[in-house]
Amino acid sequence: MRSALLLALRILISVGLLYLSLRGIHFDAVWARLNDFGFEWFALAILTTLLQVVLSAYRWREVTVQCDAALDTPHAIKFNMIGTFFNQTLPSSIGGDAMRLWLLGRTAGWRQATYSVLVDRAVGLIALAVIIVGSLPWSYPLITSPKGQIALVVIGCTALACSIGFLVVGSLSWPWLKKWWPLRHVHACGVIANKVLFNLTSGPKVAVLSFTIHSLAVVVAWCCVQAIHASASFGELFLLIPPIMLITMMPISIAGWGVREAAMTVAFGYAGLVTGDGTVVSILFGIVTFIVGALGGLVWISSPEKRDRITPAVPRIDES
């Protein structure tokens, strides 16, 4: 009952935010843009999102090595594709992360799998926070509204402070950090994150992958802008999309619907762009993600993990 109520609440939040985003749109102008819709740009957005999934799999594979749950590249890509499908059914990326955890945990161990997924998510958030704060000298002047400027600074600095705090906790060896069970797991994930990021072999690779993955999200949005012939430039999108992606990660709606549209609409307005364009771009962004998730569903339907949940699909790594 509680799960059903939470699901209903998240659906209501998605619908409510979508309504607020669409309420002020002039649909005649929207239809005029869609009449000359660039399907080639939309297809490029789908291909870019698929590339994003593949690169995310490579990053996750690097993290699993440090978690003693090493995952080979084909399975990492397949599990990530399956995760995109389950991202469409549950709040934010929780569904996809839970599925990745389950797929890996059956053979590599539940703790190792859990840590790998959490650290992979944390590394992505750290990179996103660095991009947002590093872009402030350019994004702050772009946002004309004082409220928007304050929100941008608060979002970026809070995310970066949490990221630094997480890494600092992982670098400490105080005994009491391992006594309280929630803090014990946070500390364990922090230790792994430090190993991943500050290792001479994996660190540069993971950093490049993380920044590329987030840059590809900007490319997807830019392709959607080009598809409807909107006026937003790539540079403006590079400054606006990372904070929007960070807000969209909040697990309060289904697959980010509603939250993304509201954030994109407000961000476009603060940047002096057409708010209706922001809403349409966000909806197209969501449709692209949905299509890639549908492809992930086909991978899930045809995978041995679904047909045979007993036979492991990933060989257990020899600990020796």
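The model is predicted, so local features require pLDDT of at least 70 and side-chain atom pairs count only at pLDDT 80 or more, whereas totals for chains, interfaces and linings use all residues. Residues are numbered from 1 along each chain as its sequence is written, and side-chain values use heavy atoms, with hydrogens and water left out.

The chain holds 14 helices and zero strands. Both element types are DSSP runs, numbered from the N terminus: helices are H or I with at least four residues, and strands are E with at least two. The order from the N terminus is α-α-α-α-α-α-α-α-α-α-α-α-α-α. Of the 320 residues, 48% count as buried. Buried means under 20% relative accessible area, exposed means over 50%, and partly exposed lies in between, with a 1.4 Å probe and protein chains only.

Pockets were located on a 1 Å grid over the protein atoms alone. A pocket is an open set of points with protein on both sides within 12 Å along at least five of seven lines, in contrast to a cavity, where a 1.4 Å probe fits but cannot get out. Lining residues have an atom within 4 Å of a point. Grid points are joined across faces, edges and corners, and a volume is the space filled by probe spheres set on the points.

The largest pocket has a volume of about 440 Å³. It is lined by 18 residues, and Arg121, Ala122, Leu125, Cys162 and Phe166 are the closest to its centre. Helix 6 (110-134), helix 8 (146-171) and helix 9 (181-197) are the elements that each give two or more residues to this lining. Helix 6 gives the most, with seven residues. By class, the lining of the largest pocket divides into 13 nonpolar, three polar and two charged residues. Here Ala, Val, Leu, Ile, Met, Phe, Trp, Tyr, Cys and Pro count as nonpolar; Asp, Glu, Lys and Arg count as charged; the others, Gly among them, count as polar.

The second largest pocket contains about 320 Å³ of space. Its lining has 19 residues, with Ile155, Ile247, Ala263, Val266 and Ala267 nearest the centre. Two or more lining residues come from each of helix 8, helix 11 (234-248) and helix 12 (259-270). Helix 12 provides the largest share, six residues. The lining of the second largest pocket comprises 16 nonpolar, two polar and one charged residue.

Six aromatic pairs occur in the structure. Rings of Phe, Tyr and Trp (its six-membered ring) pair if their centres lie within 6.5 Å; planes under 30 degrees apart are stacked, over 60 edge-to-face, and the rest tilted. Trp41 and Trp222 form an edge-to-face pair, 5.2 Å centre to centre with 85° between the planes. Trp41 lies in helix 3 (residues 39-66) and Trp222 in helix 10 (residues 202-227), and the pair links parts of the chain 181 residues apart. Trp41 is partly exposed at 24% relative accessibility, and Trp222 is partly exposed at 25%.

Phe86 and Trp300 form an edge-to-face pair, at 5.6 Å and 75°. Phe86 lies in helix 4 (residues 73-87) and Trp300 in helix 13 (residues 275-302), so this pair ties together parts 214 residues apart in sequence. Phe86 is buried at 18% relative accessibility, and Trp300 is buried at 6%. Elsewhere, ring pairs link Phe37, Phe39 and Phe42 into a cluster.

Charges also sit over rings. The criterion is NZ of Lys or CZ of Arg within 6 Å of the ring centre and within 35 degrees of the ring normal. The charged end of Arg100 sits over the ring of Trp60, 4.6 Å from its centre. Arg106 lies over the face of Trp102, 4.8 Å from the ring centre.

Three further residues are described individually. Thr248 is in helix 11 and is buried at 10% relative accessibility. Its side chain reaches the backbone oxygen of Ile244 at 2.7 Å. Such a polar contact is a pair of N or O atoms within 3.5 Å; within protein, one must be able to donate a hydrogen and the other to accept it, and residues adjacent in sequence count only if both atoms are side-chain atoms. Asp68 has phi near 55°, a positive value in a residue other than glycine. Asp68 lies in the loop between helix 3 and helix 4 and is exposed, at 64%. His229 has a positive phi near 60°. His229 is in the loop between helix 10 and helix 11 and is partly exposed, at 43%.
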